[in-house]
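Load the model in your viewer and keep the sequence panel open. The stops below are given as selections, each followed by what is found there.

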Amino acid sequence: MQFHHYGYVSGDPRRQPASGEGLDRCDVLPDEVDVLIVGTGPAGMIMAAQLAQFPHIRTRIIERRAGRLEIGHADGIQARSVETFQAFGFADRITAEAYRITEMAFWKPDPNRPEHIIRTARTPDDPAGISEFPHLIVNQARVLDYLAESALNGPARIKPDFGHEFKGLERDDTQPFPLSVSLRAVAGPEEGTERTVRARYVVGCDGARSGVRSAIGCRLAGDQANHAWGVMDVLAVTDFPDIRTKCAIQSRSGGSILLIPREGGHLFRMYVDLGEVPADGSSAVRHTPIEAIIKKANEILSPYTLDVKNVAWHSVYEVGHRLTDRFDDVEDPDSGRLPRVFITGDACHTHSAKAGQGMNVSMQDGFNLGWKLGYVLSGRSPASLLSTYSAERQVVARNLIDFDKQWSTMMAKRPEEFEDPGELEAFYTRTIEFPAGFMTEYAPSMITNDAAHQALATGFPVGKRFKSAWVSRVCDGNPLQLGHQARADGRWRLYVFADAAFAGESSATQRLAEWLARSSDSPLNATLPGGAWVDWFDIRVIYQQRHEDVAIMQVPRVFIPTVGPFALQDLENVFGVAPDEDIFVVRGIDRHGAVVVVRPDQYVADVLPLEDTGRLGDFFRRLQA
């Protein structure tokens with residue numbers, strides 16, 4: 001972590017110096033804003049944390065509640081989310097307090113006594129090692145707390161405006177602030193009053209009953225599975241031996257349980273199968289009392305017993321799979337109209353909770369859109385960039401719903417309905433990369449090139465997230481995960497994997513560095529609003545030699561940029577291969593070198609040869625306003 005480049009810092013280094021809107025932030029919601037985020041759920045808060053890095057943009061986030069969320073209903077944190085938390089600076093802290101899932105146990109009827117269940121398998125949670133980050137369980141409220149801290153510590157000092165309810169909006173493109181948003185105060189000294197806030201952009205992160213979605217004429221389309229589940233967070237005494245292990249439990253009766261241990265020890269969550277629901281029985285099943293859910297859980301767990309001592313929270317729901325046809329307010333993509341209003345998370349896709357995807361996918365929605373709004377409103381990129389949000393994220397949501405239909409259907413099956421007794425375990429293992437969050441692959445667009453040069457770095461698939469690996473930092477010899485050095489600061493990243501030449505020798509790496517630093521076609525020398533190129537680009541070089549064989553003062557200056565008012569040299573962007581893990585081998589990087597271009601949301605935008613400066617320049621030219 002770097003924090004002295006503006007002068008000596010003796011306080012919390014995670015709190016960045018305030019600037020722009022953060023210098024004199026008004027505690028009263030203003031009449032005009034650049035971005036109005038509606039809802040402080042996971043998508044809204046991660047977007048606020050990202051936009052806090054763009055202090056010259058006036059961003060506000062409103063919430064109907066009077067204060068912070070105290071009991072969150074989501075709890076599964078997939079590895080891709082923890083990877084994202086690393087970029088926002090709190091992965092280690094949230095991991096320390098969370099429950100870590102390392103394996104899943106499968107329980108089925110005992111062939112000799114089918115009225116009893118027995119353990120039939122234990123499956124590692126990440127047998128293929130798809131991520132160095134863990135799969136966690138932690139209350140959604142704590143996730144929001146950490147994101148709120150990140151937003152408040154950013155230069156823009158963003159914090160929620162609680163007690164404001166969204167009522168509606170109108171769009172008039174003839175106005176400098178095209179959106180008129182009607183709000184009602186539902187808490188605080190202004191309770192009961194109504195007002196209008198004008199905005200350039202509005203983002204609806206306001207859940208499955210989204211008012212923003214209704215205001216732009218979107219509807220969730222899909223189906224109910226007519227299958228009910230009771231979910232409860234409880235403290236209990238039990239003789240079930242795997243109570244602190246994630247379990248899929250199937251009984252002879254056809255009832256099943258998905259057991260999720262919770263953080264803090266003792267507490268655990270159970271999704272209890274309540275069976276089929278008649279077409280007209282939806283409202284009745286929602287009133288199933290907690291006593292009936294506990295009774296059903298004991299029937300499924302036989303011969304084990306569950307003595308519930310305390311219920312922290314419970315609910316009943318039916319599995320539903322719904323998706324909107326668009327994620328913004330442009331009804332006809334061919335009309336030339338550009339989006340001004342967006343929806344995220346449950347506002348545009350709903351599904352069951354058992355795959356642990358709701359909060360995770362919602363956060364990636366917000367991460368995807370946040371930096372794009374920052375670039376457009378900063379004057380860096382054209383407004384057409386915002387059309388990529390719906391195009392990219394709707395495909396992800398559709399794939400999620402297709403996956404969740406398979407998983408929730410299998411969880412509801414009776415054991416005898418499986419052709420193969422091990423089918424459920426096999427499906428879980430075979431598809432683990434999808435729920436972990438690593439199957440997202442963005443199609444070619446203005447921000448993701450085709451994979452014409454993929455062979456140069458096979459381990460960094462274009463369109464997928466940048467997968468980290470070990471390197472050694474040259475200036476101090478520290479072994480580090482390369483991907484972990486990137487922060488959610490809104491910058492594009494160029495990872496220059498050098499050819500075999502040593503630093504200072506004439507080489508393709510040297511020539512690329514000179515082009516980046518001096519050419520008028522270099523993206524570093526384009527007109528950059530609001531600062532030097534280091535404010536928009538993070539460039540790192542990885543040599544094929546070990547760190548002790550790289551002469552750092554012979555490294556091209558573009559890899560050692562000057563930062564801050566004192567023009568200090570940043571020596572921390574130069575790496576060699578790690579002693580026990582050559583990143584060129586691990587990630588399939590050609591020994592002639594390659595450039596890997598990574599978006600601000602950590603997805604690979606292009607892989608290209610060191611010599612192909614024309615392709616690199618063309619790519620960033622189309623991103624300029």
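**Before starting**

This is a predicted model, in which local features need pLDDT of at least 70 and side-chain atom pairs count only at pLDDT 80 or more, while totals for chains, interfaces and linings use all residues. Residues are numbered from 1 along each chain as its sequence is written, and side-chain values use heavy atoms, with hydrogens and water left out. Helices (H or I, at least four residues) and strands (E, at least two) are DSSP runs, numbered from the N terminus.

**Stop 1: the seven-strand sheet**

Select the strands S20, S19, S25, S22, S21, S26 and S27, which in that order form an open sheet of 7 strands with mixed pairing. Strands S20 (479-481) and S27 (604-608) are at the edges; each has a single partner strand, so one side of each lacks a neighbour in the sheet. From one strand to the next the twist averages 30°. Two strands count as paired if DSSP finds at least two bridges between them.

Which residue of S25 stands opposite Ile542? It is Phe575.

**Stop 2: the three-strand sheet**

Select S3, S7 and S4, an open sheet of 3 strands in that order with antiparallel pairing. The edges are S3 (76-77) and S4 (99-101), each with a single partner strand, so one side of each has no neighbour in the sheet. S3 pairs with S7 (residues 135-137) in the antiparallel sense over 2 bridges, and Ile77 stands opposite Leu136 in S7.

**Stop 3: a helix pair**

Two packed helices are described by the angle between their axes and the distance between the axes. Select H11 (residues 508-518) and H13 (residues 613-621): they pack at an angle of about 35°, with axes 11 Å apart. Axes are lines fitted to C-alpha atoms, for helices over the stretch in contact, and angles run from 0 to 180 degrees between N-to-C directions. H11 passes H13 in a right-handed crossing, a term used if the near helix is turned clockwise from the far one by less than a right angle.

Show side chains to see the contact (heavy atoms within 4.5 Å). H11 contributes Leu512, Trp515 and Leu516, and H13 contributes Thr613, Leu616 and Gly617.

**Stop 4: the nonpolar cores**

A nonpolar core is a set of buried Ala, Val, Leu, Ile, Met, Phe, Trp, Tyr and Cys residues joined through side-chain atoms within 4.5 Å. Buried means under 20% relative accessible area, exposed over 50%, and partly exposed in between (1.4 Å probe, protein chains only).

Select Val202, Leu373, Trp492 and Val597, the residues with the most contacts inside the largest core, which has 116 residues. Helix H8 (residues 358-377) supplies the largest share of this core, 8 residues. Apart from it lies another core, of 29 residues, including Val231, Trp313, Trp407 and Tyr603.

Return to Val202 and display its surroundings: not counting residues up to four places away in sequence, Val202 touches residues including Leu36, Val38, Leu169 and Phe342.

**Stop 5: helix H1**

Select H1 (residues 42-51). How many of its residues are buried? The count is 10 of 10. The cover over them includes strands S1 (32-38), S2 (59-63) and S11 (194-204), together with helices H2 (79-88), H4 (140-153) and H8.

**Stop 6: Met104**

Select Met104 in strand S5 (residues 103-109). Met104 is buried, with a relative accessible area of 0%. Leaving aside neighbours within four places in sequence, its contacts include Ala121, Lys246, Leu258, Trp407 and Tyr428.

**Stop 7: backbone exceptions**

Most residues other than glycine have a negative phi, and most peptide bonds are trans.

- Pro303 is in the loop between H7 (290-301) and S16 (306-323).
- Arg157: phi is positive, about 55°. Arg157 is in the loop between H4 and S8 (161-162), and is buried, at 12% relative accessible area.
- His266: phi is positive, about 75°. His266 is in the loop between S14 (256-261) and S15 (268-276), and is exposed, at 63% relative accessible area.
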